[in-house]
Amino acid sequence: MKFSQRAERIEPFYVMEVAKAAQQLAREVAGTNNPMIFLNIGEPDFTAPLLVQEAADRAVRAGITQYTNALGLEALREKISEWYLTRFGVNVPARRIVVTAGASAALQLACLALIEKGDEILMPDPSYPCNRHFVSAADGNAVLIPTTAEERYQLSAAKVEAAWGDKTRGVLLASPSNPTGTSIAPDELRQIHKVVKERGGITIIDEIYLGLSYDDAFGQTALAIDDDIISINSFSKYFNMTGWRLGWMVVPDAMVPVIERMAQNLFICASTISQHAALACFEPDSIAEYEQRRAQFKARRDYFIPALNALGLSVPVMPDGAFYAWADCTEAAQKIGVDGSWDFALEVMKRSHLAITPGRDFGTADTRRFVRFSTANSMTQLQEAIARLQQLIG
């Protein structure tokens, strides 16, 4: 069977390949005193709050399961609009909000609507691999620009300007970022967008971890800068609804009918049940619970990052959001007689029954030195993980 060149360009998602191996080993050690600990997948250990679950149940029992408008439930778009105003002080009209089948669908729609064959999209290295694959699936080319710890592993206006070429269409950023948990300083983001806009380009920014920001200096939406910025968001991370497959995008007014037409054909609509459930995310009791959980994520970060540093698993930049630790494993790998993050991650999995993610998924700029830990796990599990790492490399 012959497959398209587009399909062949999509690389394996090594995070999931490691996860499969970890799941297999987990079954083998499940009954032992040393079961598998999973710090490899970027998924909150919390589930949707009770009010959200009850809203889904009511929708099912009432038979409210038919297709919605391709743009999403009007009531949900209004709730998201109100959230931007109350949380960030930014007026984002509901008419510019499109509810999607997860942030993945939003990214796909944005790329298909804006990228022509051969267009180049500038992205930081390291960055989330699926984002560059969305560009590739739209027949564009993701151009990864190496970043440094001093730059918080984010692009700068100077680097965007220097890399801009005849085929450059725009930038795809993430703030906070996966795998580093770092954000772009608002002033720098403003300058990046200025460079892009002056050249007639597009600024797409993945803000799916924005709700999980811990530093007021960074926890601001890019939508405060300009209505031309395209923001991607999700109910998966802050709202703890990963498997519900629900997200949204905020686009300029002129782009709404284009996205609507594409969404009608590609997805029809996001899950109706998930949309009705998500209405309850914005209830005061739900928001209070989400904020308590955000505080727990911060407390986990505040424990885990210093503990890694003490073990020689250096985290060059303290994450200001999300739930990741991007750690240099060079020293630790040498201690256990391996070279590079891929072999280090496999050895840690085999010998300590601890699943972590090697850096190869996230780019090529020195990523073989790094592993990503997810702190989306209980404090007890994180403490046990540090104890096992101490025993292995301490």
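Me: Is Y290 buried or exposed in this predicted model?
Reply: Y290 lies in helix α11, residues 284-310. Its relative accessibility is 1%. Buried means under 20%. Because 1% falls under that cut-off, Y290 counts as buried.

Me: Which residues is Y290 in contact with, leaving aside its neighbours within four places in sequence?
Reply: Contact means heavy atoms within 4.5 Å. Neighbours within four places in sequence are set aside. That leaves P49, V52, Y238, F239, N240 and C281.

Me: How far apart in space are Y290 and A26, C-alpha to C-alpha?
Reply: In sequence, Y290 and A26 are 264 residues apart. In space, C-alpha to C-alpha, the distance is 30 Å.

Me: Which residues lie closest to the centre of the largest pocket?
Reply: The largest pocket holds about 510 Å³ of space. It is lined by 26 residues. The closest to its centre are G42, Y128, I208, Y209 and K237.

Me: Which helix gives the largest share of the lining of the largest pocket?
Reply: α2 (14-29), α5 (102-114) and α6 (129-137) each supply at least two lining residues. The largest share is three residues. Those three come from α5.

Me: How many residues in the lining of the largest pocket are charged?
Reply: The lining has 13 nonpolar residues and eight polar ones. The charged residues number five.

Me: How many charged residues are in the lining of the second largest pocket?
Reply: This pocket has a volume of about 180 Å³. Its lining includes A19, F38, E43 and S374. By class, six lining residues are nonpolar and four are polar. The charged count is one.

Note on methods. Residues numbered from 1 in each chain as written. Predicted model: local features only at pLDDT ≥ 70, side-chain atom pairs only at ≥ 80, totals over all residues. Heavy atoms only, no water. Helix = DSSP H or I, 4+ residues; strand = E, 2+ residues; numbered from the N terminus. Buried < 20%, exposed > 50% of the residue type's maximum accessible area, 1.4 Å probe, protein only. 1 Å grid on protein atoms, 1.4 Å probe; cavity = no way out; pocket = protein on both sides within 12 Å on 5 of 7 lines; lining within 4 Å. Points joined across faces, edges and corners; volume = space filled by probe spheres on them. Nonpolar A, V, L, I, M, F, W, Y, C, P; charged D, E, K, R; others polar.
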